[in-house]
Amino acid sequence: MKIFINILVILAVSLIIFNITMLDFKNLFHGDSAVAFIGIAASLCAVLILLIFKTSKKIDDRLNDKL
């Protein structure tokens with residue numbers, strides 16, 4: 001499970017990098033830049049959710065080891 005989460009985080013970060021290259025800084029909210037901006041926001045949310053899940057699994061493992 002840990003490897004799978006790490007792979008998903010790497011994929012999400014690579015999507016962020018790809019979408020940053022698609023941005024047109026003169027027109028951020030028009031055309032393809034808007035789609036890239038939404039993609040960046042979605043990827044950031046995915047990374048945040050995966051990191052929260054990874055932290056909760058660590059806490060769960062530590063609590064199960066003490067019991």
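## Helix 2 and its span

Helix 2, which covers residues 32-66, contains 35 residues and reaches 51 Å from its first C-alpha to its last, close to the 51 Å expected at 1.5 Å a residue. That expected span is 1.5 Å times one less than the number of residues in the helix, and helices here are DSSP runs of H or I with at least four residues, numbered from the N terminus.

The model is a predicted one, in which local features need pLDDT of at least 70 and side-chain atom pairs count only at pLDDT 80 or more, while totals for chains, interfaces and linings use all residues. Residues are numbered from 1 along each chain as its sequence is written, and side-chain values use heavy atoms, with hydrogens and water left out.

## The buried residues of helix 2

The buried residues in helix 2 include S33, A36, G39, I40, S43, V47 and L50, where buried means under 20% relative accessible area, exposed over 50% and partly exposed in between, for a 1.4 Å probe and protein chains only. Helix 1 (2-21) is included in what covers these buried residues.

I40, which is found in helix 2, counts as buried because its relative accessibility is 12%. Leaving aside neighbours within four places in sequence, I40 is in contact with I16, N19, I20 and L23, contact being defined as heavy atoms within 4.5 Å. The C-alpha atoms of I40 and V13 are separated by 9.1 Å, although the two residues are 27 apart along the chain.

## The loop and an exposed position

L28 is found in the loop between helix 1 and helix 2, and with a relative accessible area of 28% this residue is partly exposed. Leaving aside neighbours within four places in sequence, L28 is in contact with L23, S33 and A34.

L48, by contrast, has its place in helix 2 and is exposed, with a relative accessible area of 51%. From C-alpha to C-alpha, L48 and I59 are 17 Å apart in space, and they are 11 residues apart in sequence.

## The aromatic pair

A search of the whole structure finds one aromatic pair. The rings of F29 and F37 have their centres 5.2 Å apart and their planes at 85 degrees, so the pair is edge-to-face; rings of Phe, Tyr and Trp (its six-membered ring) pair if their centres lie within 6.5 Å, and planes under 30 degrees apart count as stacked, over 60 as edge-to-face and the rest as tilted. F29 counts as exposed, at 57% relative accessibility, whereas F37 counts as partly exposed, at 39%.

Definitions and conventions. Helices (H or I, at least four residues) and strands (E, at least two) are DSSP runs, numbered from the N terminus.
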